[in-house]
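I opened this entry to keep track of what I looked up.

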Amino acid sequence: MLTKIKSNLLSARIYIPEVLLFDFIISFIIFIFIDSTYAVVSLIIIELILSIIMLGYIGRKRNAELDEIKRIINNIRKSEYSNSEEIHLSKNLSAIEEDIKKMFEKTKSDIEYLKRLERIRTEFLANVSHELRTPIFAIQGYIETLLNGAINDAKVNNYFLEKANTHTLNLNNLLNDLIDISMIESGEMKMSFRYFNINDYLQTIVNEFQPMAEEKNIELIYHPAHDRLQFFGDKNKLRQVMINLIQNAIKYTEKGKVEVLIEEEQKFGRIIVKDTGYGIPENDLSRIFERFYRVDKARSRAVGGTGLGLAIVKHIVEAHGSKIEVKSKLDEGSEFSFKLKK
């Protein structure tokens with residue numbers, strides 16, 4: 001009992017200055033209005049006793065509130081709440097209850113974010129290991145075969161060397177894409193924004209892919225906008241975007257055409273790349289911009305690519321304050337587009 005009283009008084013000690021000030025004012029009033037010394041002393045003693053009792057009451061109430069807060073915090077630490085609505089404090093602590101709920105939601109969100117990052121990191125490392133292992137093992141296999149005597153066989157030596165060279169190029173492309181996406185996600189990507197003529201820019205890129213389209217016997221068409229139209233952006237980074245989008249469109253189109261066009265709006269212009277290719281299943285549309293995500297793994301590996309192209313496209317477009325959008329229907333084709341400032 002004494003321990004509890006002592007604890008209550010210690011808890012209320014922060015209020016002693018206010019209580020002493022109150023006692024001083026009351027004592028001063030007693031001295032002014034009461035002439036009897038005995039009465040004055042008696043009243044002051046009563047006043048001090050009441051002050052001690054009041055401090056004990058305040059301390060007890062404060063301890064109860066602190067215990068309630070500690071209980072909630074301990075429950076949060078033990079993960080006993082699934083959502084903030086399960087957290088309840090007494091009416092006097094309603095203000096701090098809201099703060100604790102916000103803290104709980106923020107902590108829960110941070111933990112979920114860290115778990116997601118860890119999951120992404122693990123998946124990324126697994127994917128990188130797999131993607132690197134494939135060309136390395138292939139190169140190793142061809143070289144070992146050549147060293148074991150195939151180098152002297154005129155029927156296969158050039159074939160094996162060409163295959164090894166192809167896998168070397170694939171490995172180089174993968175490493176370059178990994179460096180690019182690493183720089184983008186770490187914020188080290190340097191951007192140089194300026195106005196440029198969009199017609200000349202896109203026509204040059206489209207012309208580079210005409211041989212690739214002709215080889216597959218599909219049409220690659222650029223629909224030019226008016227001659228003076230200028231867009232604002234980083235030409236080099238946007239070139240990477242357009243190369244990825246046009247190259248993918250040609251790769252995944254077996255018949256028909258690939259079109260590059262511009263739709264003008266009041267303050268922006270939309271660049272569109274659309275094809276009549278395989279299309280993308282609806283369930284995969286939300287994931288195609290993830291690193292190493294492939295809609296059809298067998299087909300993707302057959303046509304080549306690192307699995308990082310669309311992830312790089314997404315980051316570069318977002319660095320321009322825009323968003324890459326996609327529409328697609330299976331076996332009918334796909335349309336990728338993004339806006340740029342005019």
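**Helix packing**

I looked up helix H5 (residues 157-185) and helix H10 (residues 309-319): their axes come within 10 Å and cross at roughly 30°. I keep in mind that this is a predicted model. Angles under 35 degrees count as roughly parallel, so I noted H5 as roughly parallel to H10. I also looked up the hand of the crossing of H5 and H10, and it is left-handed.

Which residues meet between H5 and H10? From H5 I listed Asp177, Asp180, Ile181, Ile184 and Glu185. From H10 I listed Ala311, Ile312, His315 and Ile316. By class, this contact of H5 with H10 has 5 nonpolar, 1 polar and 3 charged residues.

**Salt bridges**

Next I turned to charged pairs. Side chains of opposite charge can pair when their charged atoms come close. How many salt bridges does the structure hold? I found 9.

I placed lysine 216 in the loop between helix H7 (210-215) and strand E2 (219-223). Glutamate 254 is in the loop between helix H8 (235-251) and strand E4 (257-264). The pair therefore ties together parts that are 38 residues apart in sequence. I then checked accessibility. Lysine 216 has 25% relative accessibility and counts as partly exposed. Glutamate 254, at 45%, also counts as partly exposed.

*Lysine 342 and glutamate 264.* Their side chains meet in a salt bridge at 3.1 Å, N to O. Where do lysine 342 and glutamate 264 lie? I found lysine 342 in the segment after strand E7 (333-341), and glutamate 264 in strand E4. This pair therefore ties together parts that are 78 residues apart in sequence. Is lysine 342 buried, partly exposed or exposed? At 26% relative accessibility, lysine 342 counts as partly exposed. Glutamate 264 has a relative accessible area of 39%, and I noted this residue as partly exposed too.

The side chains meet in a salt bridge at 2.9 Å, N to O. Glutamate 290 counts as partly exposed, at 33% relative accessibility. Arginine 287 is partly exposed as well, with a relative accessible area of 36%.

Methods: Residues numbered from 1 in each chain as written. Predicted model: local features only at pLDDT ≥ 70, side-chain atom pairs only at ≥ 80, totals over all residues. Heavy atoms only, no water. Salt bridge = Lys/Arg side-chain N within 4 Å of Asp/Glu carboxyl O. Helix = DSSP H or I, 4+ residues; strand = E, 2+ residues; numbered from the N terminus. Buried < 20%, exposed > 50% of the residue type's maximum accessible area, 1.4 Å probe, protein only. Axes fitted to C-alpha atoms, helices over the stretch in contact; angles between N-to-C directions. Parallel < 35°, antiparallel > 145°, perpendicular 65-115°, else oblique. Left-handed = near helix turned anticlockwise from the far one by under 90°. Contact = heavy atoms within 4.5 Å. Nonpolar A, V, L, I, M, F, W, Y, C, P; charged D, E, K, R; others polar.
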